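Good morning, and thank you for coming.

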Amino acid sequence: MGSALASLEDALAWLYVPAPRAGELLAKAAKVADGIVVDLEDAVHPRQRAAAREHLAEALPAHDGAAFVVVRVNPVSTDDFAADVAALTPLVQAGHVAAVRVAKVESAEEVATARAATAAWGPEPRLICQLESAGAIARAHEIAAADGVHSIMLGEADLRADLRLPRGAAGDPGLLLARQTCVLASRAAGLPSPVGSAFTDVTDTEGLRETSARLAALGFVGRSCIHPKQPAVVREAFAPSEADLAWARSVLAEAGTQDGADSAASVLADGSFVDPAIVRQAERLAARAGAAR
């Protein structure tokens with residue numbers, strides 16, 4: 001799916017794959033997802049991480065590039081982080097890994113440490129910072145503005161635990177401020193809109209669809225997935241609807257008639273007001289639809 005997409009920001013469905021099974025699962029994941037997150041953190045027992053890194057050195061170069069690949073690495077404060085970076089450096093330099101999700105980022109100082117550790121990766125921002133604690137949310141704007149950050153996102157399982165929220169839907173209201181903060185900090189820093197955290201009940205397709213729609217309404221674009229049947233639902237939930245695209249086309253058509261007009265604003269036949277901000281929104285919808293083809 002990912003080969004038709006221009007950039008990481010166009011990918012809507014990101015499927016987690018445990019690093020020790022990457023060789024077995026990459027091709028399968030690429031058939032259903034826009035992007036693949038190879039997990040070196042929670043999906044790997046600490047005693048198995050060295051072997052997992054060695055496995056990636058063989059598995060990732062063999063991947064055909066049909067979907068973007070990022071790797072979730074261990075927290076900056078751990079010894080595993082340095083080992084992860086050392087193992088991934090030749091893979092990043094060779095173009096086999098597009099970026100890394102850095103688990104449990106707590107501060108801009110940790111970002112600076114990660115940036116220094118990955119200096120050999122070049123100037124392009126490649127750090128996707130996962131915010132997974134109340135403290136990280138409180139410092140979201142500083143983290144988002146730090147040099148080397150590609151984007152930020154939430155790690156909601158750990159965040160729920162830190163905030164002492166109920167599991168499942170009962171705890172969702174307690175995540176609202178964190179979710180809004182993540183979106184605001186991203187856009188204030190000029191970063192891409194954040195990717196939503198995974199929905200952990202793989203049997204509840206309607207729950208996945210409903211919660212994805214709510215994340216989209218908050219300003220998230222795309223979502224992590226933990227099962228191969230989830231990406232199709234996620235992609236549908238975050239892609240522009242036919243009604244959205246019809247509206248965007250009408251706005252852009254109207255905007256095309258305004259060249260040379262005295263005012264940059266106008267009104268559609270259905271009474272909708274059109275001004276430059278509305279035109280930009282329509283252009284984004286049209287661009288997202290084009291990227292999804």
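Is Arg126 buried or exposed? Arg126 is buried, because its relative accessible area is 14%; buried means under 20%, exposed over 50%, and partly exposed in between, with a 1.4 Å probe and protein chains only.

Please note that this is a predicted model, in which local features need pLDDT of at least 70 and side-chain atom pairs count only at pLDDT 80 or more, while totals for chains, interfaces and linings use all residues. Residues are numbered from 1 along each chain as its sequence is written, and side-chain values use heavy atoms, leaving out hydrogens and water.

Arg126 belongs to the loop between helix H4 (108-117) and strand E5 (127-131). Helices (H or I, at least four residues) and strands (E, at least two) are DSSP runs, numbered from the N terminus. Setting aside residues up to four places away in sequence, Arg126 touches Val92, Val97, Ala98, Ala99, Val100, Trp121, Gly148 and His150, contact meaning heavy atoms within 4.5 Å.

Now to the sheet. Seven strands form an open sheet in the order E6-E5-E4-E3-E2-E1-E7, with parallel pairing; two strands pair if DSSP finds at least two bridges between them. At the edges are strand E6 (149-154) and strand E7 (223-225), each pairing on one side only.

Within this sheet, strand E1 (residues 13-18) and strand E2 (residues 35-39) pair in the parallel sense over five bridges. Pro18 has Asp39 in E2 as its bridge partner.
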